[in-house]
Amino acid sequence: MARYFDVRHVSGEATNIDIDNGVVESATTSFFDRAVVRVLGPWGWGVVSVDNYRGADLDRFVAEALALAELTGEEVALADAPCRVLPVPPPSDDPRSLGLEEKTALLAAVESSARGAEVRNTRAVYTERQETVRFASSEGAEYAYALGRSGYSVLAVAERNGVVQMGFERRHAVNGFPLRTGMGDGEKARETALALLDARAATGGRMRVVLDPELAGVFAHEAVGHASEGDLVREGNSVLAGRIGERIGGPGLTIADDPSLPEFGFDPVDAEGVATGRTELVKDGVISAFLHTRETLAAVGDGQAGHARAMPGEAPLVRMSNTFIENGDANYDECLEECGTGMLLIGSRGGQVDPGRGMFQFNAEYGYLVEDGALGGMVRDVSLSGEILGTLHEIALIADDRRMHQGYCGKGGQSVPVGDGAPHVLLSNAVVGGSGRD
Amino acid sequence: MDAIEAIIEGAAAHADEAEVYLSGAESVGAELSRDRVRIGQAGHATGLGIRVFRDGRVGVSSTNDPSRWEACLEAALAAMRLADPQPWGGLPGPIDLPERRLAYDPAVTLEPGKVAELLEGMKEGALEHPAASVTAGSAVLSRTRVEVANTGGLRYADEQTHASCSVEAIAGTSTGFEFDASHALDLDPVHVGERAAFFAAHGAGGEPLAPGTYDLVLSPLALAELIEVVLAPALVGRNVHAGRSRLAGRVGEAVADPGLSLYDDPHLPMGPGAAWFDAEGVPTHRVDFIRNGVLAGFAYDLRTAYRYGATTTGSAVRGGYGGAPSAGFHTLVLEAPVADVTADEAVYVRSVVGAHTANTITGDFSVEVSNPTFVAGGEFTTPVSTAMWGGNLFDLLGAIEGVSAERREIGGMLLPALRLGEQRLVG
């Protein structure tokens, strides 16, 4: 017998425009329709993913999922959790009000503004997804909502005397249309690429570093967020397991995840029908909660459900949404001054973490040497790595200028939109990697 | 008239040419949480991709609801009208291809019991190293069918099977990971479990590494992670001509050690991307990229080839039914002089953390090494707690000191372990 079942059905349209070196390579709309049916059998889950879902087939898929649940031997329990859907904020600027042709023209303007002397390639990509999500469960929960996400990226590749460097800018929004105001980003990408032609390869080593809000946000995501995911904690695959109440950083360090914020990782309700809200992973330097689905909350405790997310047609996993370091009481100038000699790292080319081992690594887009508290020469291809448990103690100053950035996070083969953010932070001892040599 | 014929006929009224790509996949799988099965899964996927052409303009659209093909065709035609025209010489016509399936094993049937056996095998293997315990694992069996058709009368179909299993283990805070994947039901789950547990157990108690210069041995997995991000994109024609490849303009030049060769072998039976035809119906063949250290050429699909006056290499691939096909690789093989790569002491790099943060154009990378350990005399010796490694992948191609005789399938590649001289590591 099924103890529980739910169905999450997502349908919609995706628009993609790609302009490469002035040529409109593609400007297209596609259609998707996927559903996932989950059934809790006597022990664990049976899950069926279906393309082109029709509600009339639900009974058949529930029966199929129930049969698959017979494979399981792990007793899964579901914690009770409040079911509530937040209103979706009205679009600040609705991309659906423009046709494909107008969007293509706007993107072309961004792409052409990245061109210039020594720039040998420019490329701009626009993506837009309009989704309608329908959810129903055997407990009587039922909701539907529609949500749009859109954004763009622009790349400039510059070359001089065989040295090739790139500048990259991106901007995405939930229920907004950042492309309309994106004109400055092409120039910015070009300027970064040109400046990096003169930058030195960073020389690795241990040093003091200041992270800009974008990179510090990735740091919060990689170093703390993943290891706080309840499924990893349950599996024993997180260095944070069993450490609730332990001090991990100084007073004043608070790291939270909040899917109810209308940032890029916004979810009006989570992927198993649970109300979304703020979870403080680290509160005043102390590990205080994990991120949970109903299942991991029942198994692990410490935290709240409402952090289940899924790509269309996939089984929900514990995921981050909008993850950020709260503002501190210092400012940017104080961070640089206190840094003395070290590096300022700017922007992110992504990161990765091994939560069980507690090691993380991520790359900045570029950086500057810091000498006597002042910015010096530009450096490129610089990365930061470290241990989760040790590195947070190295946060010496937290500024008061938090900004959020948009990205995508991968886990278990699923990619979901996330917002990461932080103010500038100073790390008093960090492992910096680079390909340069003294 | 079936759906494909209806779409072709509908498209022909509005476009010079049209192509239909239809895919379907059925799968069954299960996942472990620690040592118990937590979830059993099945998937039923369908996808339809339509591409239309007129006067050098191309439009694409896709849907996973083939009954909505008319809306999909309409969207593809709208996209075609917006695209900038480019030189275009037409879709391929049909030829006779071998009927033998290259990537199909009838033993891969979608039975939950077979999935359970794979999971049990991995658990059994992990028991060989009691210091480590399994944290998560999965096994999946799938069967896919693809069909490509176009207005030139081409209509090819292929059926493939796939089996995979993977497991993660931990000992203290030392983690280990292993996997196996094949078109055939020839996985060795016991070995997969044993290796994951071994790397977890072996890495426990690793010592810090003094910063300095070391010889490295890259496992096939670590090599694949770097090639995928830096070298593979640099060999794709579109990146080359758009100014996004460091190898642009260097055909005929030495770009690697004289013994190194890199080629795509799509006809290798059971090779990861084995296929007689590519994603746009062009017959496949071996493509040499680096021959004895000299850059020999790049991968092209039809569109890039027509635009830049090159010839397609039958390298079109699709990430799924959506989007347009683009040039890629079927089964990328790396060969170099074989040596006993683990005889002399070196730091063994099992995999790297953060390869995707590498600079895809310049090849500069800075990564954290997973499961670093010293290796000597063919044995893993002292484990290392952590190491950061920075370098440039294009430069590494000239610093190879030999590769292992054994090769391993990783993603779409068939790779050996590879020894590098004098690399700088930060502990």
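In S2(B), Trp45(A) has Ile39(B) as its bridge partner. In that strand, Val48(A) has Ala42(B) as its partner. S2(B) is strand S2 of chain B, residues 36-54. Strands are DSSP runs of E with at least two residues, helices are runs of H or I with at least four, and both are numbered from the N terminus.

This is a predicted model, where local features need pLDDT of at least 70, side-chain atom pairs count only at pLDDT 80 or more, and totals for chains, interfaces and linings use all residues. Residues are numbered from 1 along each chain as its sequence is written, while chains are lettered from A and ligands numbered from 1 in the order in which they are written.

Two strands pair if DSSP finds at least two bridges between them. The table lists pairings in this model.

| Strands | Bridges | Direction |
|---|---|---|
| S3(A) (residues 45-51) and S2(B) | six bridges | parallel |
| S1(B) (residues 17-33) and S2(B) | 17 bridges | antiparallel |
| S2(B) and S3(B) (residues 57-63) | seven bridges | antiparallel |
| S17(B) (residues 373-376) and S18(B) (residues 379-383) | three bridges | antiparallel |

Some single partners can be picked out. Gly24(B) has Thr46(B) as its bridge partner in S2(B). Leu48(B) stands opposite Thr63(B) in S3(B).

Now look at the turns. S1(B) and S2(B) form a hairpin with two residues between the strands, where Arg34(B) takes a positive phi near 55°. The hairpin of S2(B) and S3(B) also has two residues between its strands, and Asp55(B) takes a positive phi near 50° there.

Is S2(B) mostly covered or mostly open? It is mostly covered, with 15 of its 19 residues buried. Buried means that 20 or more other C-beta atoms lie within 10 Å of the residue's own; exposed means 12 or fewer, and partly exposed lies in between, with C-beta atoms placed from the backbone.

**Where the chains meet**

Two residues are in contact if their C-beta atoms, placed from the backbone, lie within 7 Å. By that rule, 67 residues of chain B are in contact with 68 residues of chain A. S2(B) gives the most to chain B's side, with 11 residues. That side has 25 nonpolar, 30 polar and 12 charged residues. Here Ala, Val, Leu, Ile, Met, Phe, Trp, Tyr, Cys and Pro count as nonpolar, Asp, Glu, Lys and Arg as charged, and the others, Gly among them, as polar.

**The nonpolar core**

A nonpolar core is a set of buried Ala, Val, Leu, Ile, Met, Phe, Trp, Tyr and Cys residues joined through C-beta atoms within 7 Å. The largest one has 263 residues, and Val37(A), Ala65(A), Val425(A), Ile50(B) and Ala76(B) touch the most other members. Helix H5 of chain B (residues 220-234) gives the most to this core, with 11 residues. Beyond its neighbours within four places in sequence, Val425(A) is in contact with residues including Leu211(A), Ile325(A) and Ile398(A).

**Two domains in chain B**

Chain B is assigned domain 1 (3-200) and domain 2 (206-427). Such bounds come from an automatic or database domain assignment. The two centres, taken over C-alpha atoms, are separated by 23 Å. In contact across the boundary are 33 residues of domain 1 and 24 residues of domain 2. S1, S2 and S3 of chain B are among the elements that give two or more residues to domain 1's side. That side divides into 19 nonpolar, 11 polar and three charged residues.

**A further hairpin**

S17(B) and S18(B) form a hairpin with two residues between them. In its turn, Gly377(B) has a positive phi of about 55°. Thr373(B) has Pro383(B) as its bridge partner in S18(B).
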